[in-house]
Amino acid sequence: MNFDIYEDSADAVRTRTWKYLDRVLPHRGMFPMQPVEREREAAGTNATVLRAVNDGDTVGAVYIGPSWEEATDAKSNGANAMADRILRSVRSLHGIGVDAEHRSEGIGSALLEAAEARVASEPDAWLIIGVAHGAPELEGFYERHGYVLGEPSRSMVLRVGSDVIVLPQSDPEPRWFYKQLTRDEAAGKPPVRAFHPTHRQLAMMRAGADQIAGDQPRTGNLGV
């Protein structure tokens, strides 16, 4: 099937696209769409909303933007510098979906690749994170496109140089995933290492502990 991909910047169209994704995705709870100006004021950029359109109809969409929840979590634990870095460098894949009758036609892959290219075009953004909500077909989709998936219901910690990004998780099925788009240590984009902390280790991090003993950072497949 032929389709074109469009990026939407008008708030009304962005909101309609959010509602489309909320309808076609197998899960609920996608981060709500924020007005463009509010996003730019808080994060220096706005979320990217892309639509795949065939003959005037939306057949797929992707919503990727600032990692609001993770930045808020960091700030609530006193890590203001980390919160700023997350807003500047990390983008959350809030949702990607395709009409059921048009899946396996390359639409999802084209949308994801377009979203990644859009993130890579930002001077400081280079890491994409997200949550696979217990849907095997989505998990396989992300893995085929180079994303690293964590363990179900496990929190994940990403080490970025001397910094850490805490991605808490307690629901029974969802799995965190991430993909590093570029590596340039001179530009502050060192290799990402990931591991699953225990509850005790996570509590120590919340308390500001400098060292976390136990699980060692892992790269690649996060089977722990």
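Trainee: At what angle do helix 3 and helix 4 pack, and how far apart are their axes?

Mentor: The model is a predicted one. In it, helix 3 (residues 68-76) and helix 4 (residues 80-89) pack at an angle of about 170 degrees, and their axes are 7 Å apart. An angle over 145 degrees counts as roughly antiparallel, and helix 3 and helix 4 are therefore roughly antiparallel to each other.

Trainee: Which residues of helix 3 and helix 4 meet?

Mentor: Helix 3 contributes Trp-68, Glu-70, Ala-71, Ala-74 and Lys-75, which meet Asn-80, Met-82, Ala-83, Ile-86 and Leu-87 of helix 4. By class, the residues of this contact of helix 3 with helix 4 comprise seven nonpolar, one polar and two charged.

Trainee: Which residues of helix 3 are buried?

Mentor: They are Trp-68, Glu-70, Ala-71, Asp-73 and Ala-74. Trp-68 also takes part in another arrangement: the charged end of Arg-38 sits over the ring of Trp-68, at 5.2 Å from its centre. After helix 3 comes Gly-78, with a positive phi near 85 degrees.

Trainee: Which residue with a positive phi follows helix 6?

Mentor: Helix 6 is followed by Gly-146, whose positive phi is near 90 degrees.

Trainee: Where are Asp-55 and Ser-104 found, and what are their phi values?

Mentor: These two residues are other than glycine, yet each has a positive phi. Asp-55, with phi near 55 degrees, is found in the loop between strand 2 (48-54) and strand 3 (57-66). Ser-104, with phi near 65 degrees, is found in the loop between strand 4 (90-98) and helix 5 (107-120).

Trainee: Is Asp-55 buried or exposed, and is Ser-104 buried or exposed?

Mentor: The step of reasoning needs a cut-off: exposed means over 50% relative accessible area. Asp-55 has 72% relative accessibility and so counts as exposed. Ser-104 has a relative accessible area of 83% and is therefore exposed.

Trainee: How is a pair of aromatic rings described?

Mentor: A pair of aromatic rings is described by the distance of the centres and the angle of the planes. In this structure, the count comes to four aromatic pairs. For Tyr-147 and Phe-177, the ring centres are 5.5 Å apart and the planes stand at 90 degrees, so the pair is edge-to-face.

Trainee: Which parts of the chain does this pair link?

Mentor: The pair links distant parts of the chain, 30 residues apart. Tyr-147 lies in the loop between helix 6 (136-144) and strand 6 (148-149), whereas Phe-177 belongs to strand 9 (residues 175-180). Buried means under 20% relative accessible area; Tyr-147, at 4% relative accessibility, therefore counts as buried. Phe-177 has a relative accessible area of 0% and is likewise buried.

Trainee: Which residues form one aromatic cluster with Tyr-147 and Phe-177?

Mentor: Phe-141 and Tyr-142 form one aromatic cluster with them. Phe-141 and Tyr-142 are among the buried residues of helix 6, together with Leu-138, Glu-139 and Gly-140.

Trainee: What covers the buried residues of helix 6?

Mentor: The cover includes strand 4, helix 5, strand 5 (127-132), strand 6 and strand 9.

Trainee: For the protein as a whole, how many helices and strands are there, and what percentage of the residues count as buried?

Mentor: The protein has seven helices and ten strands. Of its 224 residues, 50% count as buried. Among contacts with a separation of 6 or more, 69% are accounted for by residues 24 or more positions apart.

Technical notes:
Residues are numbered from 1 along each chain as its sequence is written. This is a predicted model: local features need pLDDT of at least 70, side-chain atom pairs count only at pLDDT 80 or more; totals for chains, interfaces and linings use all residues. Side-chain values use heavy atoms; hydrogens and water are left out. Axes are lines fitted to C-alpha atoms, for helices over the stretch in contact, and angles run from 0 to 180 degrees between N-to-C directions. Helices (H or I, at least four residues) and strands (E, at least two) are DSSP runs, numbered from the N terminus. Angles under 35 degrees count as roughly parallel, over 145 as roughly antiparallel, 65 to 115 as roughly perpendicular and the rest as oblique. Contact means heavy atoms within 4.5 Å. Ala, Val, Leu, Ile, Met, Phe, Trp, Tyr, Cys and Pro count as nonpolar, Asp, Glu, Lys and Arg as charged, and the others, Gly among them, as polar. Buried means under 20% relative accessible area, exposed over 50%, partly exposed in between (1.4 Å probe, protein chains only). Rings of Phe, Tyr and Trp (its six-membered ring) pair if their centres lie within 6.5 Å; planes under 30 degrees apart count as stacked, over 60 as edge-to-face and the rest as tilted. A charge sits over a ring if NZ of Lys or CZ of Arg is within 6 Å of the ring centre and within 35 degrees of the ring normal.
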